[in-house]
Amino acid sequence: MQNFEFHNPTKIVFGSGTIPRLAELVPPDARVLVVYGGGSAEKNGTLAEVRSALGDRDVQEFGGVEPNPTYETLMQAVEQVRREQRDFLLAVGGGSVIDGTKFIVAAIHYPGDPWEILLTNGQHITQALPFGSVLTLPATGSEMNNGSVITRRATQTKLAFMHPQVFPQFSILDPTKTYSLPPQQIANGVVDAFVHITEQYLTYPVGGLVQDRFAEGLLQTLIEIGPQALANPENAEVRANLMWVATLALNGLIGAGVPQDWATHMIGHELTAAYHIDHARTLAIVLPALLRVQRDDKRAKLLQYAARVWQINDGDENQRIETAIHRTAQFFESLGIPTHLAAYGLGQPAIDLLMAQLEAHGMTALGERANITPAVSRRILEAAL
Ligand code: NZQ
Ligand code: ZN
């Protein structure tokens with residue numbers, strides 16, 4: 001196992017009816033800014049519960065954070081925080097609202113142009129305002145990690161940053177708040193969490209026995225409950241499990257002490273920036289193709305994945321690997337998520353554009369061995385046609 005440090009300071013408050021706990025979790029004298037998205041939290045009653053729990057605190061709101069949150073919109077919130085002297089932020093929504101809130105809290109005291117936070121992976125952040133979250137969409141793990149992905153609309157650039165100061169202080173996870181999600185967002189959540197796990201598991205073996213078993217357990221849980229979450233939208237137990245799996249998929253636990261890939265995400269971000277395809281759908285396009293192109297580098301873990309996650313034990317090594325990749329793609333398709341570029345109306349011209357974007361953003365040595373050069377990324381995209 002590789003050396004590691006692991007520290008996750010986010011308190012999780014989990015379960016139905018837990019939003020009133022905000023009354024104790026948010027400091028009583030806080031000058032709060034509630035950040036939310038396009039209206040789903042208003043419609044399903046989450047915001048009403050939040051307002052009621054915050055009681056007579058000094059509360060303002062900032063709505064309109066879009067899916068794939070933009071620098072342009074978030075800078076308006078930064079201005080509001082400065083002008084109105086807000087000192088505590090509360091994100092109410094999915095990964096986009098939480099990621100956007102992480103950017104706002106880091107931008108407030110940032111010396112210089114806050115876009116640099118994205119260009120430098122957050123390395124010059126010195127302080128951030130405290131914030132918490134109320135999660136309404138199980139998918140990204142943003143509720144219990146220190147990552148954030150922001151898009152600059154003007155240049156169609158989607159970049160990530162990480163910093164220890166942008167862990168939420170707390171996150172409230174009430175699975176009943178996911179009942180109002182449309183089926184395609186549930187499917188997206190299952191696929192995003194699935195790929196977060198494979199990014200930390202399908203690399204090469206380093207003897208991380210617990211990390212491997214945890215990852216395999218989380219993958220098997222998603223395979224089991226993904227279809228159930230779509231078929232029975234108001235099954236509390238299924239939604240609770242989906243929410244907790246998605247959080248555990250990317251809270252640092254399974255990735256501690258093991259190599260990590262993330263090439264699927266980096267290539268996927270370019271697809272979202274250029275063609276506005278939902279984040280999880282970009283992953284469903286890239287992952288099967290990437291596993292095929294990188295099969296020799298990933299051989300040992302792919303065989304382990306085939307045997308332990310899909311119970312594939314027949315055939316020679318190459319057949320077992322191909323069957324496991326095929327089953328993975330089939331799983332995504334069974335949730336209603338297409339796995340080829342063509343299904344999104346994209347062909348060879350898109351690949352040329354995506355390659356230019358990858359190179360412009362310095363994505364030229366991706367993967368756990370940093371050997372996914374532009375030539376390899378091109379092969380991956382061509383395998384995804
Ligand atoms: O904007 P509203 O009206 O709230 O509607 C949202 C949005 O349209 C809706 N929604 C959310 N909760 C709902 C609901 N609709 C009905 N009922 C509810 N309970 O769902 C739509 C999508 O929301 P969004 O927050 O964009 O989805 P998601 O949670 O999948 O977040 C995606 C973003 O997270 C980033 C992605 O790149 C993307 O920008 N990621 C963040 C990561 C992290 N911080 O660690 C890791 C991920 O890999 C990912 O890159
Ligand atoms: Zn993701």
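This is a predicted model: local features need pLDDT of at least 70, side-chain atom pairs count only at pLDDT 80 or more; totals for chains, interfaces and linings use all residues.
Residues are numbered from 1 along each chain as its sequence is written, chains are lettered from A and ligands numbered from 1 in the order in which they are written, and side-chain values use heavy atoms, without hydrogens or water.

Staying with ligand 1, one of its oxygen atoms is 2.7 Å from a side-chain N or O atom of Ser-40. A polar side-chain atom of His-196 is also 2.7 Å from an oxygen atom of ligand 1. Taken alone, ligand 1 exposes 960 Å², and the protein buries 88% of that (Shrake-Rupley areas, 1.4 Å probe; for residues, only the protein chains shown count as cover).

His-196 brings us to the zinc ion, ligand 2. Its protein donors are Asp-192 (OD), His-196 (NE2), His-265 (NE2) and His-279 (NE2), at 2.0 to 2.2 Å. Donors are N, O and S atoms within 2.8 Å of the metal (3.2 Å for Na, K and Ca); water is not among the atoms, so sites may look incomplete. Asp-192 in helix H7 (residues 183-201) and His-265 in helix H10 (residues 263-275) are 73 residues apart. Helices are DSSP runs (H or I, at least four residues), as are strands (E, at least two), numbered from the N terminus. Asp-192 and His-265 are both buried, meaning under 20% relative accessible area, with exposed over 50% and partly exposed in between (1.4 Å probe, protein chains only).

Next, salt bridges: a side-chain nitrogen of Lys or Arg within 4 Å of a carboxyl oxygen of Asp or Glu. The count is 19. Glu-216 and Arg-308 form one, at 3.1 Å from N to O. Glu-216 is in helix H8 and Arg-308 in helix H12 (residues 299-310), so the pair ties together parts 92 residues apart in sequence. Glu-216 is buried at 3% relative accessibility, whereas Arg-308 is partly exposed at 30%.

Another salt bridge joins Arg-378 and Asp-352, at 3.0 Å from N to O. Arg-378 lies in helix H15 and Asp-352 in helix H14, 26 residues apart.

Notes. A polar contact is a pair of N or O atoms within 3.5 Å; within protein, one must be able to donate a hydrogen and the other to accept it, and residues adjacent in sequence count only if both atoms are side-chain atoms.
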